[in-house]
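Please look over the sequence and the model below before reading on. The paragraphs that follow lead from the domains to the contacts between them, and then to the strands.

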Amino acid sequence: MKANAAILHQTGVSSPYAESKPLVIEEVDVDPPGPGEVLVKIAAAGLCHSDLSVIDGSRPRPLPMALGHEASGIIEDVGTGVTRFAPGDHVVMVFVPSCGVCGFCARGRPALCEPGAEANASGSLLSGNWRIHQHDQTINHHLGVSAFSSYATLSEHSVIKIDPKFDLSTAALFGCAVLTGVGAVVNTAHLPPGASAAVIGLGGVGLCALLGAQLAGARQILAIDLSDEKLAFARELGATHTVNAGEANAVEKIKDLTGGGVEYAFEMAGSVPALELAYSITARGGTTVTSGLPHPDRKLSIQAVSIVAEERTLKGSYIGTSVPSVDLPRYMSLYEQGELPVDRLLTHTLTLDEINLGFDRLASGQAIRQVIVL
Ligand SMILES: [Zn+2]
Ligand SMILES: [Zn+2]
């Protein structure tokens with residue numbers, strides 16, 4: 001199967017990307033699905049900060065790589081042994097395939113699936129195979145998905161079937177932004193009704209965390225970012241207070257607003273200073289949750305004694321500690337009931353050819369969520 005895909009050959013090129021064009025739209029061969037795999041015609045693919053982190057080199061991955069991990073599509077063909085899916089089924093992609101049988105999967109922690117993590121690190125599918133080629137060169141898969149492409153072959157454990165009536169552009173956001181942001185609040189933090197919360201970093205994932213905090217019944221939701229435009233948007237979405245993290249006395253201001261700190265702070269920016277800020281504004285007895293993915297060389301420094309003397313908790317949250325096959329249909333149903341208006345985060349719709357411009361917009365904070373419609 002011939003497909004047009006956005007291929008990254010080199011990381012760390014300088015921006016603006018509309019000029020340097022780190023992603024090149026090229027014709028590739030997508031192999032037919034092997035055993036336990038499916039071929040998907042991609043409908044929509046979101047531009048996420050994790051893609052940008054691969055492009056700028058802060059998330060090292062094997063190259064060349066076909067990027068894109070937040071997407072929706074329609075099953076075109078299935079490999080041998082696939083019984084859960086049939087051509088015509090609508091699906092959303094999940095960026096960690098879960099084998100279903102490793103210790104983590106068996107304990108209900110599919111986001112930590114070990115074979116899934118190994119496949120993602122090596123750039124293969126869960127089967128250990130590579131299904132994208134260009135001439136005699138193998139192209140790596142991005143998180144088992146590689147959705148900035150007209151077609152993709154994936155593990156059947158990388159897709160979740162959805163209601164065919166659901167709008168496919170909005171559906172794409174559920175695979176990364178919604179699972180990660182909402183899941184951090186409801187699964188990782190178990191935020192109880194009436195608690196106070198702060199979200200640091202108001203991109204797509206952070207704003208989904210804000211919507212999740214509303215859904216969970218937080219009494220106070222502080223939105224924190226360096227962009228006044230994003231703070232204004234967060235207020236429209238339901239933040240009760242906004243604080244620009246660049247203000248000289250931001251920490252004191254937040255502590256004043258919250259009576260000494262928030263019970264739950266969510267770091268959604270992917271930077272160590274943002275995580276330090278999140279920890280510093282968490283109250284005694286409170287929980288700091290981090291979903292960002294800083295460069296692997298970065299270290300965190302916090303006051304060790306505070307963990308004991310203030311009974312503080314610091315929790316990591318990957319894909320929102322989700323069980324995607326359970327959480328995704330729940331969140332989609334809440335969206336349909338108007339409880340999780342994530343379509344409001346969809347600020348731009350692009351063609352595949354506009355992808356580099358889209359990443360410029362994401363890097364500069366001019367967009368929340370942009371989807372490429374294939
Ligand atoms: Zn993502
Ligand atoms: Zn597993």
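How far apart do the C-alpha centres of domain 1 and domain 2 lie? In this predicted model, the two centres are separated by 28 Å. The domain assignment of the protein places residues 2–177 together with 322–373 in domain 1, while residues 190–316 make up domain 2.

Where the two domains meet, 18 residues of domain 1 are in contact with 13 residues of domain 2. On the side of domain 1 that touches domain 2, helix H2 (49–55) and helix H5 (168–188) each supply at least two residues, and H2 gives the most, with three residues. By residue class, this side of domain 1 divides into nine nonpolar, five polar and four charged residues.

We can now turn to the strands. A closed barrel of five strands runs in the order E1-E2-E7-E8-E4, and its pairing is mixed. In general, the strands of a sheet pair through backbone hydrogen bonds, in either a parallel or an antiparallel sense.

Methods
Residues numbered from 1 in each chain as written. Chains lettered and ligands numbered in written order. Predicted model: local features only at pLDDT ≥ 70, side-chain atom pairs only at ≥ 80, totals over all residues. Pairing = 2+ DSSP bridges. Helix = DSSP H or I, 4+ residues; strand = E, 2+ residues; numbered from the N terminus. Domains from an automatic or database assignment. Contact = placed C-beta atoms within 7 Å. Nonpolar A, V, L, I, M, F, W, Y, C, P; charged D, E, K, R; others polar.
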